[in-house]
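My notes follow the order in which I looked.

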Amino acid sequence: MGLGRTRIAVDGLRVDDGLMLHIYGLCKAYGRLQALQGVDLDAQAGEIVALLGPNGAGKTTLVSIVAGLRKADSGVVEVDGMDALRRSADVRRRIGLAPQDLGMYPVVSVRHNLQLFGELAGVRRTELKARIDEVAEGLAITDLLDRKGGELSGGQKRRVHTAIALLHRPRLLLLDEATTGADVETRGHILELVRELAAGGSAVLYSTHYLTEVETLGSNAAFLDHGRVIARGAVRELIAAHAEPVVELVFEGDVPPIPVRGAAVDGQRVRIPAPDPAATLVEVIPQVPPGALSAVEIVRPSLESVYLTLTGRRYDEADREGAPDEEKEGKRSVTTQ
Amino acid sequence: MSLRNSLAILRHELRVMWTDPSTVIFVIAMPLVMVALMKQLFALALRDEGFAGANGSEFAVPAMAVGFAAFGVGYAGFTFFRDHGWGTWDRLRATPASSVDIMVGKVLPTVAVTFVQLGVLFTLGGPLFGLRVSGSWVALGLLSAVLALALSAFGMLVTAITRTMNQLNAVGSTGGMAMAMLGGAWVPVATMPGWAQVIAPALPTYWAMEGFRDVILAGAGVRSVATPVLAMAGFGALYTAIAAWRFRFEDSKVYYG
């Protein structure tokens, strides 16, 4: 799974000095549920790796183990050449974590929140003020520094939450669903900062289930599905290797027989793989009974179609299947693109 | 262990505490009210024991101080549950601060509050209630400090074995109350039933009351309170050891609030 110059020895130990994160054969079970089933994943210094997968794919478990918050059942996790599973202070000093759930002290100011976590991350008190100002500017929270955490809006909290992870310029940044519930402006700030941090030589493991966000970010990606990495590479390469355009026909009533190779019926929709969509439409449209068709769409290849090709399942459907019960029942509002 | 990390957490906890000082004010003000109410009752008990000149504050002040200090053992645990509720627990754990750093930084404010609470009551006991300390004030301070440590250690033990805020409140407050009652902070041990008198020495509150009584009524100095100090330190060490054994930093705790 490694990129370019990385080589992995048989015993799973890393042999490449440019490697910031090395995961090999990582397994974790919760009772009978196998959350991770032998995950192999690397991230180089300066690389953004988007960890993709629907709800329940194992992303948060993976990030939590790398951050030292959960214990692995077996496997190897190295951060900057050090054993991360021993959860030493040296490893944690190199890691910045923004967990999925927002975390800050609501009764004290944003500045005090940043001061506490900056001090604990090892930033010297003499440097801390300048560093807080720098990160605050990057995430547009300078005006919020003297407000209490509990007084902020959801998007503002998300920015402060992310800022906490960046104060000590971590060598490995772990962002778990960093933009969930964030407004467009917040999302833009976070993504820009992720790019800057990577440009400065840090590795970023960016867990998300928003595929279009990753396409925008132009990062490398790893698909996690049922606790396994099923694809890894640059987004463009993944799309080129695993996806092609699809012509989608939507019918008003019963779907008539469409005698075209590869056509798949899903409810009132028919999807037809189409390397040349125009040619496919010219072939198909004459076979459709008059008045039966309500819409035609050419679906460009994307990470979503990569997931469909690799797993045979639509990404949004898998996402709903893996969502917590309250999300399925609509009890909790979930922001989607 | 990193003292720097513990101090950073300690400062932060004091800052959080300062945003809502009502709990601290309550645990200092209420015992003063209770002393005023119960002083006469204890005066009779002490005169029966042969302390002819006693005005009741000699028992009421340390008794209410110990009672309310024990009643607040859950506060140390509250800060752990609160961090789970605020999503800051995992953030703390992901920092280079070790488990011991976090534990020490979170418990020391409770130790400090308990110590201040005891100190304020003994200091105001003279001008408000006519309390006369016939022994050493240093011994009184030493007993207060060790009691604060032992009770905070008990608070950690309660935190380690409870999973929800309701459990913490129930076990912390009833456990603290039972510890105060059976230790002789509500009524003198000599007036309790035989079975309770057998149990009493198994509690740090008993040794605190014995030490305070010796200093206030019998003129004891630092050396004379060595036994109660060592006993309370022993209980503190025992509670700490059990808390460390039972505490699971990776377990989630359920916070309501």
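I began with the interface, where 18 residues of chain B are in contact with 27 residues of chain A, contact being two C-beta atoms, placed from the backbone, within 7 Å. On the side of chain B that touches chain A, the largest share, six residues, comes from α1(B), and I sorted that side into six nonpolar, seven polar and five charged residues. Here Ala, Val, Leu, Ile, Met, Phe, Trp, Tyr, Cys and Pro count as nonpolar, Asp, Glu, Lys and Arg as charged, and the others, Gly among them, as polar.

I noted that this is a predicted model, in which local features need pLDDT of at least 70 and side-chain atom pairs pLDDT 80 or more, while totals for chains, interfaces and linings use all residues. Residues are numbered from 1 along each chain as its sequence is written, and chains are lettered from A and ligands numbered from 1 in the order in which they are written.

Next I looked at α3 (residues 57-71) and α10 (residues 204-218) of chain B, which pack at an angle of about 155° with their axes 10 Å apart. This makes α3(B) roughly antiparallel to α10(B), the term for angles over 145 degrees. Among the residues that meet are P62(B) and V66(B) in α3(B), and M209(B) and F212(B) in α10(B).

Technical notes: Helix = DSSP H or I, 4+ residues; strand = E, 2+ residues; numbered from the N terminus. Axes fitted to C-alpha atoms, helices over the stretch in contact; angles between N-to-C directions. Parallel < 35°, antiparallel > 145°, perpendicular 65-115°, else oblique.
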